[in-house]
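Me: Could you walk me through how the strands are arranged here? I'd like to start with the terms.

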Amino acid sequence: MNASRVCFSLALLAFLIKPYADGRSSAPRQSLNLDQKLQHVRTNGARERPDPTPTEITEQEANAYFASGEVNLPSGVRSVVFHGEPGVITANTRVDFDQLRAGIRSSNPLLAVFSGIHDVGVVAHAHGRGGRGFVEVDSVSLDGVEIPRFVLELFVQKYLQPKYPGVGLESQFTMPDKIDTATVGSHKLTITQR
């Protein structure tokens, strides 16, 4: 799976796949814990019959991993912090929209809000079952102001889909390494492999 397809569906994609697809971390202990868990997932997924014992990734581990500076975030995304509740992931990011939109112009005044550097909050329902990941973006806010869905759809079509085909406000993808299920819980993500 091409991890750059993450972008707006940051939620489950970034929380689960992007950390070990794009980089390695070297610092904080929580980050090292996640490195070890992701190596286990890779190794287990390479087996003919993976061990179905669940692997749990904590919110602290994921956040330490992304804060390590070793993960290549999508262009324009400067930072990301995740919060997990049952079935829901909230991602708080700092985004440079001018960098994200580089090379693509629009005269649509509705899209003018997507310029400069802003704090972005993404709330999404996310889960995985049967080897497929599902992310549905519920809301996106810019500096605390919720963006109307039709404006988000315009933004995704104009700026994200040309760079990241397959990204949308509702995304499905094949999970790697024989991951069968992914369940977002309170401050954790639990995955099983088959």
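Reply: Helices (H or I, at least four residues) and strands (E, at least two) are DSSP runs, numbered from the N terminus, and two strands pair if DSSP finds at least two bridges between them. This is a predicted model, in which local features need pLDDT of at least 70, side-chain atom pairs count only at pLDDT 80 or more, and totals for chains, interfaces and linings use all residues. Residues are numbered from 1 along each chain as its sequence is written, and side-chain values use heavy atoms, with hydrogens and water left out.

Me: OK, which residue in the turn between E4 and E5 has a positive phi?

Reply: That is Gly 130, with a phi of about 60 degrees, in a hairpin that has two residues between E4 and E5.

Me: And how many bridges join those two strands?

Reply: Ten bridges join E4 (residues 117-129) to E5 (residues 132-142), and the two run antiparallel; within this pairing, His 125 stands opposite Glu 136 in E5.

Me: What else does E5 pair with?

Reply: E5 pairs with E7 (residues 170-174) in the antiparallel sense over five bridges, where Phe 134 has Gln 172 as its bridge partner. Two bridges also join E5 to E6 (residues 145-146), again antiparallel, and in that hairpin Asp 143 takes a positive phi near 50 degrees.

Me: Switching to E3, which strands is it joined to?

Reply: Eight bridges join E3 (residues 88-96) to E2 (residues 77-85), antiparallel, with Val 81 partnered by Asn 92. Nine bridges join E3 to E4, also antiparallel, and there Ala 91 has Val 122 as its bridge partner.
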